[in-house]
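Have a look at the structure first.

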Amino acid sequence: MATAHDRQQAATGAVAAFARFVLCGGGVGLVSSLAVAGLASWLPWFLANALITAASTLLATELHARFTFGAGGHATWRQHAQSAGSAAAAYVVTCVAMLALHLLVAAPGAVLEQIVYLSASALAGAGRFAVLRLLVFARDHAQAAAAHPARPVPVTVARAVAHADPAGLCRVA
């Protein structure tokens, strides 16, 4: 049963993880927004966003595995795949936001585009934090397995089998 102290530690851990998420993911997001804007001068915006989202997701997943959620070491292929799923949802959110902006404003300036893009990214980022913390980098699964290991075979049973008469075992079978 969780005590008040356990709940407080979990809440503190979540706040600290969110702060690290904002620092790592937000930093990658800011650089990505500039990269999307620069790449969009050569490619269609949606393609530039897709390319930068793919690259930034790889980088951010590694940062989150190492620093944000304390998984210790490199992200696994499973974690990259799950993170890519949440990034795909974030990509859709940013694309819909930009599409809505261009439907509402005939020729939005770069500053307005950045405001809309970063706002949509922040909204999607909050959702990604929940998915990454609760599903992708969840430590509860590993902690539960460590807290409830498989029951070992009692030593007395193992000894009894080892010292049993083979002929007697055959008659029982």
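A whole-structure search gives 7 aromatic pairs. The model is predicted, so local features need pLDDT of at least 70, side-chain atom pairs count only at pLDDT 80 or more, and totals for chains, interfaces and linings use all residues. Residues are numbered from 1 along each chain as its sequence is written, and side-chain values use heavy atoms, without hydrogens and water.

Q: Why is the W45 and F46 pair called edge-to-face?
A: Rings of Phe, Tyr and Trp (its six-membered ring) pair if their centres lie within 6.5 Å; planes under 30 degrees apart are stacked, over 60 edge-to-face and the rest tilted. W45 and F46 are 5.3 Å centre to centre with 90° between the planes, an edge-to-face pair.

Q: Why does W45 count as buried?
A: Buried means under 20% relative accessible area, exposed over 50%, and partly exposed in between (1.4 Å probe, protein chains only). W45 has 18% relative accessibility, so W45 is buried.

Q: What makes F46 partly exposed?
A: F46 has 38% relative accessibility, so F46 falls in the partly exposed class.

Q: Which residues form one aromatic cluster?
A: The cluster is made by F18, F21, F69, F129 and F137.

Q: What makes a lining residue polar, nonpolar or charged, and how many of each does the largest pocket have?
A: Ala, Val, Leu, Ile, Met, Phe, Trp, Tyr, Cys and Pro count as nonpolar, Asp, Glu, Lys and Arg as charged, and the others, Gly among them, as polar. By that rule, the lining of the largest pocket has 14 nonpolar, 11 polar and 1 charged residues.
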